[in-house]
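I'm jotting down what I look up as I go.

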Amino acid sequence: MGKNKTSPSPIGDYVSGAVKFAPLADYLVINVSSPNTPGLRDMQGKATLEALLDAVLDKLNSLPAGSRRPPLLIKIAPDLANGDVDDVVDVLLQRYTKFDVYPRHLRFRSPNPLFPFWAAVVERGTKFCDACF
């Protein structure tokens with residue numbers, strides 16, 4: 001899920017998407033990394049990501065009993081600065097005890113150029129919560 005290119009309410013776009021697709025999905029992906037959508041990568045900032053996840057989770061949790069609530073996955077950019085990775089991990093650990101994060105354009109080749117990025121994510125994640133990994 002992502003925001004519409006010219007949306008006046010980006011967070012509302014994600015909430016609407018979650019409500020629409022939750023009954024049909026095995027999981028929902030919150031995309032905050034597309035380079036083709038103006039301003040989307042700004043959604044990876046700590047305060048905005050907190051507001052986004054809180055709005056989507058609040059809406060999913062407010063669905064009637066018995067409603068399907070698929071797990072959320074977060075798609076982030078693979079080139080985040082170290083401090084930004086810390087912020088993303090911190091935001092996720094405040095809301096989940098276990099989570100998955102996916103960088104955009106993951107390419108499997110040898111050697112994998114994203115290995116250092118994932119090593120940094122795991123290192124920072126374990127710094128915040130040893131029991132989560």
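I started with helix 3, where the buried residues are Val85, Asp86, Val88, Val89, Asp90, Val91, Leu92 and Leu93. Buried here is under 20% relative accessible area, exposed is over 50%, and partly exposed is in between, with a 1.4 Å probe and protein chains only. Helices are DSSP runs of H or I of at least four residues, strands are E runs of at least two, and both are numbered from the N terminus.

A note on the source: this is a predicted model, so local features need pLDDT of at least 70 and side-chain atom pairs pLDDT 80 or more, while totals for chains, interfaces and linings use all residues. Residues are numbered from 1 along each chain as its sequence is written, and side-chain values use heavy atoms, leaving out hydrogens and water.

Next I checked the length of helix 3 (residues 82-95): its 14 residues should span 20 Å at 1.5 Å a residue, and the end C-alpha atoms are 20 Å apart, which agrees. The expected span is 1.5 Å times one less than the number of residues.

Then I looked up Leu49, which sits in helix 2 (residues 46-61). Leu49 is buried, at 1% relative accessible area. Beyond its neighbours within four places in sequence, Leu49 contacts Met43, Gln44, Val88 and Val91; contact means heavy atoms within 4.5 Å. Leu49 and Val91 are 42 residues apart along the chain, yet their C-alpha atoms are separated by 7.4 Å.

Last, the whole protein: I found four helices and three strands, running α-β-α-β-α-β-α from the N terminus. Buried residues make up 41% of the 133.
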